[in-house]
Amino acid sequence: MSSEVCLTIDVEDWYDGMEVLGEPFPRPAGARSGLSGLTELLDRAAGAPKVTLFVVGNYAASVSAELAALVSRGHEVASHGPDHGRLPEDAKGLVAWLRQGRMMMEDAVQAPVRGFRSPRFDVPGPVGLARYRDLVAEAGFEYVSDTQLLGGGSPVRELPVLSVHGFPMGGGSYQRLLPASVVVGAIGSAGGPKVLYYHSYDFGATLPGTRSIRSLAVAKQLVARGRVAQVFSKILSRYGSKACANAE
């Protein structure tokens, strides 16, 4: 059983995401992205852990300096798509969309981008999982990290997010609702490499307070959000982290 843990961060904008959900919030001037908080946390960690950052292409310019600081420390940048929308459902459009996201990030960090994670872990229904994996490879990626597992027929390496008895234990949004000891224990008993994912805004971003909650959708995005970095830190301290591209 592999003991490797791959901590991954979906780098995206909370305010853009809420607008997509139909719950727009005014963005405060000078709002923090959370990436500087993540950098400080990783710098303090023992053992020089490395994480993978799945970055939305059209958000990269807004956090270019913070991304550069993380890249300079050896952390991996991967693609989270050129935007945070739905995947195109036709093969030609999907390959172009995937390739655009990869090239945007390669231009941003001046380094090869090897991995991809879809914005919502979705697989286009008309394409199907097997063809989707072929198209990810055609777009130039070496691995994919989502919640699906095609298996031996996949032309790209698959690094699915940790699930325990069907529960998506690997997601930070779920971890904030569970005791940290439960999460840490589940990681230790699972096969590996164990992939867990968080969001850039989990690490000290400027977000509205819970008094701003006006709907279930907003509550899901704000309740206990402050716990995520604490759970992340405990996992990092216990297991360390390796970038997805280097996981075995």
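This is a short chat about a few residues in a predicted model.

Trainee: What should I know before I start?
Mentor: Because this is a predicted model, local features need pLDDT of at least 70 and side-chain atom pairs count only at pLDDT 80 or more, while totals for chains, interfaces and linings use all residues. Residues are numbered from 1 along each chain as its sequence is written, and side-chain values use heavy atoms, with hydrogens and water left out.

Trainee: OK, is D146 buried or exposed?
Mentor: D146 is buried, with a relative accessible area of 1%, where buried means under 20% relative accessible area, exposed over 50% and partly exposed in between, for a 1.4 Å probe and protein chains only.

Trainee: And what does its side chain make a polar contact with?
Mentor: The side chain of D146 makes a polar contact with the side chain of R133 at 3.0 Å, and the D146 side chain also reaches the backbone nitrogen of Q148 at 2.9 Å. A polar contact is a pair of N or O atoms within 3.5 Å; within protein, one must be able to donate a hydrogen and the other to accept it, and residues adjacent in sequence count only if both atoms are side-chain atoms.

Trainee: Switching topic, which charged end sits over the ring of F25?
Mentor: That is the charged end of R214, 4.1 Å from the ring centre of F25, and likewise the charged end of R117 sits over the ring of F54, 4.2 Å from its centre. The rule asks for NZ of Lys or CZ of Arg within 6 Å of the ring centre and within 35 degrees of the ring normal.

Trainee: How buried is F25 itself?
Mentor: F25 is buried, with a relative accessible area of 14%.
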